[in-house]
Amino acid sequence: MKPLRNIVLVDDSEVDLFIIKQVVEQFDETIRVVDFSSPVTALEYLKISLHPNNLNHLTRPDMLILDYDMPQCSGFEFLDRLRELDFLDVKDLKIYMLTSAINLIDVNKVKANFYCLDYLSKPLTVEDLHNISIDYRPFLKEYDYQEKDINLDVYRREA
């Protein structure tokens with residue numbers, strides 16, 4: 001499974017975009033972040049970067065973090081517009097909806113959406129990204145030894 005290299009952020013709030021970029025940098029400074037305050041501009045970018053003829057896999061986004069509530073279009077309207085562009089290669093794009101309101105109806109709507117993996121609460125945290133990366137690389141769950149790591153027992157005996 002390929003590593004997480006490129007994240008596209010779509011949020012109408014410049015402040016939220018700044019905070020999310022800082023959190024991503026704290027999590028892993030090698031991840032490239034492309035951010036948009038306009039969902040229309042983000043769609044134009046995705047038309048190019050996710051086009052099957054785009055052979056530059058270094059610019060192809062691995063993840064999309066999308067604000068739920070934006071004035072130009074909601075996160076769901078954005079996903080509907082993305083779905084209309086059926087020629088795009090979105091099968092490997094992991095999409096998360098970002099929201100500041102925890103409304104059970106909205107959460108269920110996000111979870112029921114075919115394109116969306118899950119919702120994230122604002123403010124995004126490094127722990128959220130860690131959990132996403134485990135979901136992105138499921139083998140980490142299986143081989144995350146932590147306390148049961150044999151090497152930890154060796155270090156404990158020496159101390």
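In strand E4, leucine 98 is the bridge partner of aspartate 67, and E3 and E4 pair in the parallel sense over five bridges, where strands are DSSP runs of E with at least two residues, helices are runs of H or I with at least four residues, and both are numbered from the N terminus, and where pairing requires that DSSP finds at least two bridges between two strands. From E3 the chain crosses through H3 to E4 in a right-handed β-α-β crossover, that is, the path from the first strand over the helix to the second runs clockwise with the strands pointing away from the viewer. The model is predicted, with local features needing pLDDT of at least 70 and side-chain atom pairs counted only at pLDDT 80 or more, whereas totals for chains, interfaces and linings use all residues. Residues are numbered from 1 along each chain as its sequence is written, and side-chain values use heavy atoms, with hydrogens and water left out.

E3 also runs parallel to E1, to which it is joined by four bridges, with valine 8 opposite leucine 64. Five of the five residues of E3 are buried, so the strand is largely enclosed by the rest of the structure; buried denotes under 20% relative accessible area, exposed over 50% and partly exposed in between, with a 1.4 Å probe and protein chains only. Met63, Ile65 and Asp67 lie on one side of E3, and Leu64 and Leu66 on the other.
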